[in-house]
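Reader: Hey, I've just opened this one up and I'm new to it. Could you walk me through what's there?

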Amino acid sequence: MRLPGDDGKRSNGHSVFYMILAVSAFVVVVLFTVMQNNQKEEKKKEAAIEAAIQQTVAAETEIVEPEPEPEQKLRAEDLDFWDMYPVEEKPETQTGKQDVEAPKEDEEEESHVEKKEEVVQEDPSTDGKHTLVKTSDGKEEWVLISPYLTKNTYDFKNLSENANLRKYTENGKKISYVGVDISKHNGQVNFSRIKAAGVDYVMLRLGARGYSTGQISLDDNFVENMEAAIEAGLDIGVYFYSQAISQDEVLQEVNFVIQNLEPYRAHITYPVAFDMENVPNDKARIDGLSRDDRTAIATAFLSGVQTAGYAPMIYGNKEWLIKNVDLAKLQDYDVWLAQEQDVPDYPYQFAMWQYTTTGVLNGVSGDASLNLCFVSYSDR
């Protein structure tokens with residue numbers, strides 16, 4: 001059974017409780033809202049600070065590490081400090097230009113001197129690359145020395161002469177041999193006297209082809225000279241005067257030489273020489289030949305006598321050897337140089353040198369053609 005007044009007390013107690021609960025909840029909501037707002041503000045501040053930091057870092061990066069520019073060479077006018085030193089004014093010259101331009105005049109003068117030196121160096125008479133050729137018609141021409149041909153290495157300071165006979169030595173030892181070339185034009189020759197005079201060898205003319213007729217003939221004194229030279233104990237070589245204008249003619253000459261040498265084969269210790277020359281003051285059969293033609297004819301003769309077992313040799317003066325034949329195609333053959341002067345200036349290798357055609361020699365009447373040989377053919 002409920003007593004009167006119980007319901008009222010319970011009702012008041014519950015009201016207070018719910019009131020406190022409501023107030024607490026409100027406070028909690030307010031605090032939560034405040035905290036949320038504070039967190040949002042903090043995030044905004046942090047975001048703003050982070051953005052500001054990134055901008056600062058980006059700006060510093062651009063300053064510290066600028067983009068590389070193409071490398072340029074520094075010039076004096078690019079440096080500000082040059083302006084710190086004023087240029088002293090130079091008095092003007094008579095031409096109105098300041099002395100500061102004087103080096104240009106010096107440079108021009110030096111350049112002019114250099115050009116003069118270049119001209120001197122290019123002078124063929126002094127450059128060491130050319131040799132002077134005097135032609136048969138009296139002209140002179142500087143010809144380039146071929147770098148492909150073997151040069152002679154003779155030192156003509158070692159050349160001496162006694163009684164018109166020359167001698168060449170190396171390291172004090174004589175390495176040369178005296179010779180004389182003989183033909184019917186020398187008349188009767190005393191080979192014993194030649195030997196006694198100091199001659200070591202003779203070059204006998206075997207024969208010739210007529211420069212106008214084209215006929216081949218044996219030298220009138222060949223047989224007599226050959227037998228006398230053998231008896232005197234001289235070393236012997238021969239030469240043939242060629243006027244061949246075709247391969248058939250030069251082969252005819254080779255066969256003629258071989259046939260006439262056969263009886264004396266054992267006595268031929270010096271070369272068989274090919275002699276082709278221009279005819280002074282007259283026309284010759286070979287005048288119409290080209291340089292290649294003459295070279296081909298010479299090659300055919302030399303190779304022919306070499307095949308027959310003899311030492312081949314080409315005879316000629318400086319003009320003939322340098323201008324009239326192609327020496328590059330004749331390098332396999334020894335050269336007999338005809339140059340009448342104290343010291344030859346022929347630049348290439350040669351084995352024999354005819355140094356005079358007007359020599360005096362005991363045993364030869366009239367002029368003697370004297371030679372010096374640098375090769376001991378008899379020892380080969």
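**A walk through the chain**

Author: Let's start with a pair of residues facing each other: Ser160 has Lys167, in strand E4, as its bridge partner. Keep in mind as we go that this is a predicted model.

Reader: OK, and what's the bridge partner of Glu161 in E4?

Author: That one is Arg166. E3 and E4 run antiparallel, and four bridges join them.

Reader: How many residues sit between the strands in that hairpin of E3 and E4?

Author: Two residues lie between them, and Ala163 takes a positive phi near 55° there.

Reader: Which strands form the open sheet, and in what order?

Author: The order is E3-E4-E5, three strands with antiparallel pairing. Strand E3 (159–162) and strand E5 (173–174) stand at the edges with a single partner strand each, so one side of each has no neighbour in the sheet.

Reader: And how many bridges are there between E4 and E5?

Author: Two, in the antiparallel sense. Glu170 has Lys173 in E5 as its bridge partner. E4 and E5 also form a hairpin with two residues between them, and Asn171 in the turn has a positive phi of about 55°.

Reader: I clicked on Thr169. Is it buried or exposed?

Author: Thr169 is in strand E4, and it counts as buried because its relative accessibility is 18%, with the cut-off for buried being under 20%. Leaving aside residues up to four places away in sequence, Thr169 touches Asn158, Lys174 and Ile175.

Reader: Let's zoom out. How many helices and strands does the chain have?

Author: There are seven helices and 14 strands. The chain has 380 residues, and buried ones make up 34% of them. As for contacts with a separation of 6 or more, 61% are between residues 24 or more positions apart.

Reader: Which residues touch the most other members in the largest nonpolar core?

Author: Phe191, Leu261 and Phe301 do, in a core of 73 residues. Helix H6 (residues 291–307) gives the largest share of this core, six residues. There's also a second, separate core of 14 residues, which includes Tyr315, Ala351, Met352 and Val375.

Reader: Why would nonpolar side chains be buried together?

Author: I can only give you the general pattern: in soluble globular proteins, nonpolar side chains tend to be buried together.

Reader: Changing topic: how much space lies in the largest pocket?

Author: About 1,200 Å³. The lining has 37 residues, and Glu277, Tyr315, Asn317, Ala338 and Gln354 lie nearest the centre. Tyr315 is also a member of the second core I mentioned.

Reader: Which element supplies the largest share of that lining?

Author: H7 does, with four residues. Among the elements that each supply at least two residues are strand E1 (130–134), strand E6 (177–182), strand E11 (312–317) and strand E13 (352–359).

Reader: How do the residues of the lining of the largest pocket divide?

Author: Into 13 nonpolar, 13 polar and 11 charged.

Reader: And what's the volume of the second largest pocket?

Author: About 270 Å³. It is lined by 16 residues, and those nearest its centre are Thr150, Gln331, Tyr333, Val335 and Gln349. The lining divides into 11 nonpolar, three polar and two charged residues.

Reader: Last one. Where's Asp123?

Author: Asp123 is in the loop between helix H2 (102–121) and E1. With 31% relative accessibility, Asp123 counts as partly exposed. Asp123 and Trp142 are 19 residues apart along the chain, and their C-alpha atoms are separated by 9.9 Å.

Technical notes:
Residues numbered from 1 in each chain as written. Predicted model: local features only at pLDDT ≥ 70, side-chain atom pairs only at ≥ 80, totals over all residues. Heavy atoms only, no water. Core = buried A, V, L, I, M, F, W, Y, C linked by side-chain atoms within 4.5 Å. Buried < 20%, exposed > 50% of the residue type's maximum accessible area, 1.4 Å probe, protein only. Pairing = 2+ DSSP bridges. 1 Å grid on protein atoms, 1.4 Å probe; cavity = no way out; pocket = protein on both sides within 12 Å on 5 of 7 lines; lining within 4 Å. Points joined across faces, edges and corners; volume = space filled by probe spheres on them. Nonpolar A, V, L, I, M, F, W, Y, C, P; charged D, E, K, R; others polar. Contact = heavy atoms within 4.5 Å.
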